Amino acid sequence: MDMMYTNMMSTLKVGKCRYGLMCSENGFLSDDGVVARIDENTFLCHTTTGGADRIHAHMEEWLQTEWWDWKVYTANVTEQYAQVAVVGPNARKVLEKLGGMDVSKEALGFMEWADGTLGGFNARVYRISFSGELSYEIAVPASQGRAFWDALMAAGAEFNVMPYGTEALHVMRAEKGFIMIGDETDGTIIPQDLGLNWAISKKKEDFIGKRAQQRTFMVDPKRWKLVGLETTDGSVIPDGAYAVGEGVNANGQRNMVGRVTSTYYSPTLGRGIAMGLVLDGPDRMGETIEFPKVGGGSVFAKIVDQVFYDKEGTKQDV
Amino acid sequence: MSDAVTALKGAKSAGYVSVAEAKLTGMVTLRGDFASKSFATAVKSVFGVQIPDTRQLSVGAKCTVLWMSPDELMVVCDYAAADDLVAQMTAQLGEEHALVVNVSDARAVFDVSGAQLREVIAKEAPVDMSAFGVGEVRRTRFAQIAAAFWLETDDHARVICFRSVAEYMFNLLKNASKPGYEVGQW
């Protein structure tokens, strides 16, 4: 686990969860997700949605070709479970109505997990949050997934429960400044570009990608870095827009100083918000940069912290 | 506890070969060192069979053990029996390095029956069905999805795939066994 992830996983205690990053041997960020320690010798690794096969194959490749004498087996159990996120200020009330196990803050704190029953369903409950709200992710056997969903919808009716899709999730996680593999990353991005240094262990002797991240190009201070972008007129920066700087390059094109990686209208804040990779970005807080639009005109955006909402994380830890 | 349901609630099709989604089936993944004496002993004592040879299966009184890879077996049993088999196997293995996990909900199982079932499988999987016999198991693909199958008898095959692609598999088998589309190879 310490080789697969950039951060320290071996110190994770049974019953706890930890967010982790996975890189390729070239140092590029390839996956992220929450790891739960099930027992002394078992870790359960959540991958990005749709990434389970790829990450399972990545683990098997290293185990079969490089670490064949390590005593580690993996199994891809993705399809064994239906996992439902129950999210929002009333999430706990809905689960308490189903009943069967203690889901209070005291019994099941943020970034902890527990096995039990909810409404008669055998469930593994994780207190993890990608939305930034009070959030439980609940895994039940897949063959009872629909029945469990129906039970949640019935119990939640009095709280105006509703399904939310990935677009809503995308907006909520962007308000929180949480990265998305495939948006903030494109196979050329290292965790350091995204300000994720806190999730890269300095104590570990090695992990996949460590050596690559020490190469001159990877430590170049001119690598574009992740920042938040707040449009000056409240509009939404077009998806994929590039920021232009002073002067032109050798081909007579405007010099580029950054690009948008995620851009949304935030209904919570009532304005356009975005994250982007910007030259010297973290050192230019408060400065305004220009994003020309296809078809003429420009959007101007102020460089800000990427966490737009609930910076202290108080909403998810209640 | 609500009633557990299969992915397609027992979907059936009656073509020139019949296809039916099987009822919930117990499955246990077991990984370990086949060369280890204590591992082999545990398999024998809990499952009642020898470790199957490469690409073979072993049929016991309460379960069938499939060879999945040089260090992985899959046990097929009654749905209700899987948890107990996992507990027994875990206890039996003791300190032996192994992985035992109940994966009974992870897959869909299809019964494919009829004299021409070899032809229907050959339409979807890159497997030489003329050389495929009872007692063998094959991990392969059916069109675009990962799958495995074995023959219970010469005219009854079991095909398994992941649960989330159960409908794709069912439609594939249904279409391949549509009356009027016999190739006549078998």
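Helix axes are lines fitted to C-alpha atoms over the stretch in contact, and angles run from 0 to 180 degrees between N-to-C directions. The model is predicted, so local features need pLDDT of at least 70 and side-chain atom pairs count only at pLDDT 80 or more, while totals for chains, interfaces and linings use all residues. Residues are numbered from 1 along each chain as its sequence is written, and chains are lettered from A in the order in which they are written.

In chain A, the axes of helix H2 (residues 91-98) and helix H3 (residues 145-156) lie 9 Å apart at an angle of about 110°; helices are DSSP runs of H or I with at least four residues, and strands are E runs of at least two. H2(A) and H3(A) are therefore roughly perpendicular (65 to 115 degrees). A:Val94, A:Lys97 and A:Leu98 of H2(A) make the contact with A:Ala151, A:Leu152, A:Ala155 and A:Gly156 of H3(A) (C-beta atoms, placed from the backbone, within 7 Å). Of the residues in this contact, five are nonpolar, one is polar and one is charged.

Between the chains, 13 residues of chain A are in contact with 18 residues of chain B. The chain A side comprises seven nonpolar, four polar and two charged residues.

In chain B, six of the eight residues of helix H3 (residues 117-124) are buried, so this helix is largely enclosed by the rest of the structure; buried residues have 20 or more other C-beta atoms within 10 Å of their own. The buried residues are B:Leu117, B:Arg118, B:Glu119, B:Val120, B:Ile121 and B:Glu124. They pack against strands S8 (107-113), S9 (137-142), S10 (145-153) and S11 (156-162) and helix H4 (166-176) of chain B.

Methods
Angles under 35 degrees count as roughly parallel, over 145 as roughly antiparallel, 65 to 115 as roughly perpendicular and the rest as oblique. Two residues are in contact if their C-beta atoms, placed from the backbone, lie within 7 Å. Ala, Val, Leu, Ile, Met, Phe, Trp, Tyr, Cys and Pro count as nonpolar, Asp, Glu, Lys and Arg as charged, and the others, Gly among them, as polar. A residue is buried if 20 or more other C-beta atoms lie within 10 Å of its own, exposed if 12 or fewer, and partly exposed in between; C-beta atoms are placed from the backbone.
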